[in-house]
Amino acid sequence: MRLRVEFTTEPFDLDEAPAHAVVAREVIQSAELDAVDVGPFGNTAEGGADAVLTAVDALLRRSLAAGATRVSLQVNVLDEAGEGGK
C-alpha cells in the first residue's frame with residue numbers, strides 16, 4: 001500500500017523557519033519516501049505505508065519536542081495510478 005502525507009506545523013513565522021518546521025523538514029527529507037515536496041505553507045511526501053507511518057511518528061514526536069504547538073496532517077491511501085482512493 002502507498003500513502004501520501006500532507007502536513008503543516010505551527011506556529012508560523014514568515015521571516016524565518018522556526019525550529020519545529022526545520023525538524024519536520026529534516027525528518028521527511030531523510031525518510032525513505034518518494035516525491036517529497038517541502039514548502040513554507042505545506043509539505044507532502046509519498047511512499048510505502050511502513051515508511052510513511054514511521055516518518056509521521058518521528059515527525060510528530062520531533063516537531064512537538066522542537067516547539068510546534070499544532071501539527072495538521074492528512075494521510076491518503078493511493079491507488080495504483082498514484083491518486084488518492086475514493
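**Core, sheet and helix packing in the predicted model**

Residues are numbered from 1 along each chain as its sequence is written, and side-chain values use heavy atoms, with hydrogens and water left out.

Val 5 belongs to the largest nonpolar core, which has 14 residues. A nonpolar core is a set of buried Ala, Val, Leu, Ile, Met, Phe, Trp, Tyr and Cys residues joined through side-chain atoms within 4.5 Å; buried means under 20% relative accessible area, exposed over 50%, and partly exposed in between (1.4 Å probe, protein chains only). The residues with the most contacts inside this core are Val 5, Phe 7, Ile 28, Leu 33, Ala 45, Val 52 and Leu 59. Two or more residues come from each of strand E1 (2-10), helix H1 (19-30) and helix H2 (49-65), and H2 gives the most, with 5 residues. Helices (H or I, at least four residues) and strands (E, at least two) are DSSP runs, numbered from the N terminus.

An open sheet is formed by 4 strands in the order E2-E3-E1-E4, with antiparallel pairing; two strands pair if DSSP finds at least two bridges between them. Strand E2 (34-38) and strand E4 (70-78) are the edge strands, each pairing on one side only. From one strand to the next the twist averages 20°. Helix H1 packs on the sheet, where it touches E1, E2 and strand E3 (43-48), and its direction makes about 165° with that of E1. Axes are lines fitted to C-alpha atoms, for helices over the stretch in contact, and angles run from 0 to 180 degrees between N-to-C directions.

The antiparallel pairing of E1 with E4 extends over 9 bridges, and Glu 10 has Arg 70 in E4 as its bridge partner. Glu 10 is also joined to Pro 11 by a cis peptide bond, with omega about 10°; Pro 11 lies in the loop between E1 and H1. E1 and E3 run antiparallel and are joined by 6 bridges, with Thr 44 in E3 as the bridge partner of Glu 6. Thr 44 is likewise the bridge partner of Asp 37. E2 and E3 pair over 3 bridges and are connected by a hairpin through 4 residues. Within strand E2, Ala 35 has a positive phi of about 50° although it is not a glycine; Ala 35 is exposed, with a relative accessible area of 54%.

For H2, the 17 residues should span 24 Å at 1.5 Å a residue, and the end C-alpha atoms are 24 Å apart, which agrees. The expected span is 1.5 Å times one less than the number of residues. Ala 49, Val 52, Ala 55, Val 56, Leu 59 and Ser 63 are the buried residues of H2. They cover an arc of only 130° around the axis, which puts them on the same side of H2; the arc is that of the directions from the helix axis to the C-beta atoms. Their cover includes E1, H1, E3 and E4. The face turned away from the buried side carries the exposed residues Asp 50, Thr 54, Arg 61 and Ala 65. Just after H2, Gly 67 takes a positive phi of about 110°.

Note on methods
This is a predicted model: local features need pLDDT of at least 70, side-chain atom pairs count only at pLDDT 80 or more; totals for chains, interfaces and linings use all residues. Contact means heavy atoms within 4.5 Å.
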